[in-house]
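Please keep the model open while reading these points. They go through side-chain pairs, helices and backbone angles in turn.

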Amino acid sequence: MTVPSDVVARLTGRAVSEERQVSGGLAEIALADGRVVVVKRSDAPGAARAEAAGLRWLAAAGSVRVPVVHGHEDGWLVIDRVPQGQPDPVAAVRFGRDLAALHAAGAPAFGAAPPDGPVDAYIGLAPMRNEPGGDWPRWYAGQRVLPYLRRAVDQGTLSSREAAVVERLCERLPELAGPAEPPARLHGDLWSGNVLWAADGQVRLIDPAAHGGHRETDLAMLRLFGCPHLERVLDGYQEVAPLANGWAGRVGVHQLFPLLVHAVLFGRGYAEQALTAARTALEG
């Protein structure tokens, strides 16, 4: 039977001095040289590979910091542990600037997977397919919104009548999407739990669902689930890469994807939020 310490020893090439189980799929391992790493276990096919590829792709932009990836094998992933700090307004501005630079690093296409990443990846616990497309409104509707809408209807979380509201929004996306933008390099699951305020005064991002997408999607997710000092983050972002006119009015359009994912995973409350976001966008 494979144990976390054995995986860490193989992937880091270092002796292990101590193991602490954090949860069923997460452990912290102290190495003999004093460093501490995190080892994650996932039974979802390709999840460890997808996360490793996503972290490396984000790191390659040279902007937002992420934990170092030591390797992955057979559903196991080993990364550096991030010593925790406290949210800080100065760090928030710096994070905003770095996030803008990450997005500007770009992607080959909307829906493009990170290099070496699988087409069939994940956002949290939900499957997420990275199928490239050249037109954001059409790709976002076809690859991000409608697949989860159909699953929510099949599960009984949304009725067909309610789903028609979201389908109308998808039909109108070309006029609601704002000015065309090139594919950005997205974290893809940028809720506050994946934003770590580290002890060194920097922000680290974890658990990406990285892909090529619209930069406003990452920012909308920060607002949806709450991010400390969000306005300072946005100030730093706009210093580097000002957002297109009307971006604040499009937040609900970009929140529709994570809300439908959460509706599929967690039920009716998120479905109602998705309907509100769609109706507000249609009325705006």
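1. A salt bridge is a side-chain nitrogen of Lys or Arg within 4 Å of a carboxyl oxygen of Asp or Glu. The side chains of Asp200 and Arg204 form one, with 2.7 Å from N to O. Asp200 is partly exposed at a relative accessible area of 46%, while Arg204 is buried at 16%. Here buried means under 20% relative accessible area, exposed means over 50%, and partly exposed lies in between, with a 1.4 Å probe and protein chains only.

2. A note on the source: this is a predicted model, in which local features need pLDDT of at least 70 and side-chain atom pairs count only at pLDDT 80 or more, while totals for chains, interfaces and linings use all residues. Residues are numbered from 1 along each chain as its sequence is written, and side-chain values use heavy atoms, with hydrogens and water left out.

3. How many salt bridges does a search of the whole structure find? The search finds 19. Among them is the pair of Arg268 and Glu162, whose closest N and O atoms are 2.7 Å apart. Arg268 lies in helix α9 (residues 268–283) and Glu162 in helix α5 (residues 160–176), so this pair ties together parts that are 106 residues apart in sequence. Helices (H or I, at least four residues) and strands (E, at least two) are DSSP runs, numbered from the N terminus. Arg268 is partly exposed at 35% relative accessibility, whereas Glu162 is buried at 18%.

4. Another salt bridge joins Glu131 and Arg129, with 3.1 Å between the closest N and O atoms. Glu131 is partly exposed, with a relative accessible area of 31%, and Arg129 is also partly exposed, at 38%.

5. Helix α9 can be checked for length.

6. Which residues of α9 are buried? They are Ala271, Ala274, Leu275, Ala277, Ala278, Ala281 and Leu282. These residues cover an arc of only 160° around the axis, which puts them on the same side of α9; the arc is that of the directions from the helix axis to the C-beta atoms. An α-helix has 3.6 residues a turn, so residues three or four places apart point the same way. The buried residues of α9 pack against α5 and α8 (251–266), where contact means heavy atoms within 4.5 Å.

7. Helix α6 has 9 of its 10 residues buried, so α6 is largely enclosed by the rest of the structure. The buried residues include Arg215, Glu216 and Asp218, along with Leu219 and Met221. Just after α6, Gly226 takes a positive phi of about 80°.

8. A search of the whole structure finds 5 aromatic pairs. One of them, Trp191 with Phe225, is edge-to-face, at 6.4 Å centre to centre and 80° between the planes. Trp191 lies in the loop between β8 (184–186) and β9 (195–197), and Phe225 in the loop between α6 (215–224) and α7 (230–240), so the pair ties together parts that are 34 residues apart in sequence. Rings of Phe, Tyr and Trp (its six-membered ring) pair if their centres lie within 6.5 Å; planes under 30 degrees apart count as stacked, over 60 as edge-to-face and the rest as tilted. Trp191 is partly exposed at 36% relative accessible area, and Phe225 is partly exposed at 22%.

9. Ser5 lies in helix α1 (residues 4–12) and is buried, at 16% relative accessible area. Its side chain makes a polar contact with the side chain of Glu19 at 2.5 Å. A polar contact is a pair of N or O atoms within 3.5 Å; within protein, one must be able to donate a hydrogen and the other to accept it, and residues adjacent in sequence count only if both atoms are side-chain atoms.

10. Most residues other than glycine have a negative phi. Asp116, in the loop between α3 (89–104) and β6 (120–123), has a positive phi near 70°. Asp116 is exposed, at 66% relative accessibility. Asp207 also has a positive phi, about 50°, and is partly exposed at 28%.
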